[in-house]
Amino acid sequence: MEKSLKILGNGQVWDLKGILPATPQKTFEDLFSGRALGRMARGNRKIFSRFKEKGKITGLSVTKALLSRKPQARRMALMLLEDLAKNAALGIEALTEGKGIKEKWLDKERRYWRNLDSVVIGGGVSEGATGRILVTLIKRHLSKNGHFHIQVHQARFPGKEAGFLGALINILEVICNEGKRKELEKIAAVALDLGREEIGVGLLAIETDSGRIILSKKKQPWLIQYSVKTPYQRQLKIFLDARRDYTKRERIKGGQIRGLILKRIANLIVQALNKTQELGLVCSGNIGVAIPGAPSADGFIIDSTNYLPFFRKQDGFNFARALAETFNKRGLSGYRAHLINDGIAAGIANTYFDFPKIRRGKFAFLGVGSGLGGCVGLKG
C-alpha cells in the first residue's frame with residue numbers, strides 16, 4: 001500500500017463501555033451510531049413520525065427533518081445531532097486517553113488507540129449536511145474538553161463504496177504486479193463489500209506502472225458500481241443471536257441463505273466482468289473483499305456478525321474457497337479472493353483518497369452506520 005499508510009489494527013469499538021458514568025452499561029454503539037440516532041428520534045415521535053423511512057423512524061428520519069422546511073423539526077434534529085456529537089466526543093476521549101474498556105482487548109490493542117491525531121467520521125450518519133454538522137459539533141466538544149489538537153474529518157466515502165475501494169487498495173500492489181506480468185499498461189479490478197443490507201461491487205481501472213487508479217468520466221475512482229440487497233430483514237431474523245445453538249431446521253435454512261448470498265455475489269461479479277469486456281479491458285484475477293469480522297490468512301472469516309449465518313470458521317466454512325468454487329460453477333476460473341475487515345477497508349479508502357487532508361500521525365476511522373466499527377492506523 002503506497003502513500004505511507006500503516007494499519008495498526010481493527011477498531012471494532014461497538015462494545016466499548018464506561019463512556020457515560022451515569023449509565024456505565026451503555027456501549028459506544030448505544031450512544032453513537034445510526035441506530036442510536038434512530039432510538040433518540042423515536043423518543044420524539046410526534047415530530048419525527050412524518051419523516052419515517054420505510055414506515056419506521058430511523059437515523060435517516062433525522063436527516064429528513066434537518067433538511068425539511070419545518071422549523072421545529074429542524075431544531076429538534078439539531079438537538080439530537082448535538083447529543084450524538086457529545087457522545088462521540090466522549091467516546092473519542094476515552095479511546096485516545098486509554099480509558100476505554102472493551103472485553104478481550106489486549107494491552108496492545110488498548111495502546112494503539114492512545115494519542116490520536118485525526119479522526120475520520122464515516123458511515124451513513126456522516127453523509128451530506130448531517131455529516132458536516134456532526135463533524136463540526138464533535139470538533140467543538142473535543143476542543144471544550146482540551147482535545148483541540150485532534151482533527152475531525154467527514155468521510156469522503158460514507159457508504160459501501162468505502163469497503164470495496166479499501167479492499168482493492170489493500171491488494172493494489174498484487175494487481176499491478178499481475179498487470180506488469182501480462183504486459184498491460186492498465187488493468188481492471190473488481191472488489192466487493194459484503195454488508196448488512198447490501199452487497200456492493202465496484203470495477204476500477206489501474207495504471208500498472210504507477211499504481212494510479214484512473215478516475216471515471218464522473219471523476220469517481222470506480223468505473224461502475226452495482227449493489228443488491230442481502231436477504232436480511234425478511235429471512236435472517238432467526239440468526240440474531242449467533243452465540244446460541246441452532247436447530248437442524250435452522251441450520252438448513254442458514255445454509256440456504258448462505259448459498260443465496262454467494263449466488264448474488266457471483267451475479268455481481270459477472271456483471272462487472274461483462275462491463276470490463278465492453279470497456280476493452282483485461283480484469284485482474286485478484287478480487288478484494290471487505291467482510292465483517294476478521295479474515296484468516298487461509299480464507300476463513302473469524303467472528304463474523306450474525307447477519308451472515310454459518311459463514312464463520314467455527315462453522316467449518318472457508319469463505320474464499322467457497323467463493324472460488326461458486327465462480328468455477330459459473331465458468332469463471334482463476335479468480336482469487338483476498339479478504340479484509342470492512343472497517344479497516346473503509347478506513348484505508350477514506351485515508352488513501354484524502355491523503356493530503358489527513359494530518360501526519362495516528363488516525364482513526366469510525367464508521368457510524370447501523371453499528372460502529374473502524375480502524376486505527378499511521379500516516380507517514
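**Close-up 1. Strand E2 is mostly covered, with five of its five residues buried.** Buried means under 20% relative accessible area, exposed over 50% and partly exposed in between, with a 1.4 Å probe and protein chains only. Helices (H or I, at least four residues) and strands (E, at least two) are DSSP runs, numbered from the N terminus. The model is predicted: local features need pLDDT of at least 70, side-chain atom pairs count only at pLDDT 80 or more, and totals for chains, interfaces and linings use all residues. Residues are numbered from 1 along each chain as its sequence is written, and side-chain values use heavy atoms, with hydrogens and water left out. Ser118, Val120 and Gly122 point one way from E2, Val119 and Ile121 point the other way, and all are buried.

**Close-up 2. Strand E2 (residues 118-122) pairs with E3 in an open sheet of five strands.** Two strands pair if DSSP finds at least two bridges between them. The strand order is E1-E13-E12-E2-E3, and the pairing is mixed. Strands E1 (5-10) and E3 (151-154) are the edge strands, each pairing on one side only. From one strand to the next, the twist averages 25 degrees; axes are lines fitted to C-alpha atoms, for helices over the stretch in contact, and angles run from 0 to 180 degrees between N-to-C directions. E2 and E3 are parallel and share four bridges. Serine 118 has glutamine 151 of E3 as its bridge partner, and isoleucine 121 stands opposite glutamine 154 in E3.

**Close-up 3. Serine 126 lies in the loop between E2 and helix H7 (128-144).** Serine 126 counts as buried because its relative accessibility is 1%. Its side chain reaches the backbone oxygen of glycine 123 at 2.7 Å. A polar contact is a pair of N or O atoms within 3.5 Å; within protein, one must be able to donate a hydrogen and the other to accept it, and residues adjacent in sequence count only if both atoms are side-chain atoms.

**Close-up 4. Strand E5 (residues 198-207) pairs with E4, E6 and E7.** Eight of the ten residues of E5 are buried, so the strand is largely enclosed by the rest of the structure. Strand E4 (residues 186-194) runs antiparallel to E5 over nine bridges, and the two form a hairpin with three residues between them. Alanine 189 has leucine 204 in E5 as its bridge partner. E5 is also antiparallel to strand E7 (residues 224-229), through six bridges, with isoleucine 199 opposite valine 228 in E7. Two bridges join E5 to strand E6 (residues 213-214), again antiparallel, and alanine 205 stands opposite isoleucine 214 in E6. In the turn of the E5-E6 hairpin, which has five residues between the strands, glycine 211 has a positive phi of about 75 degrees.

**Close-up 5. Helix H13 (residues 342-352) is mostly covered, with eleven of its eleven residues buried.** Among them are Asp342, Ile344, Asn350 and Tyr352. At the start of H13, a side-chain oxygen of asparagine 341 reaches to within 2.9 Å of the backbone nitrogen of glycine 343.

**Close-up 6. Leucine 95 belongs to helix H5 (residues 71-96).** Leucine 95 is buried, with a relative accessible area of 2%. The C-alpha atoms of leucine 95 and tryptophan 113 are separated by 5.6 Å, and the two residues are 18 residues apart along the chain.
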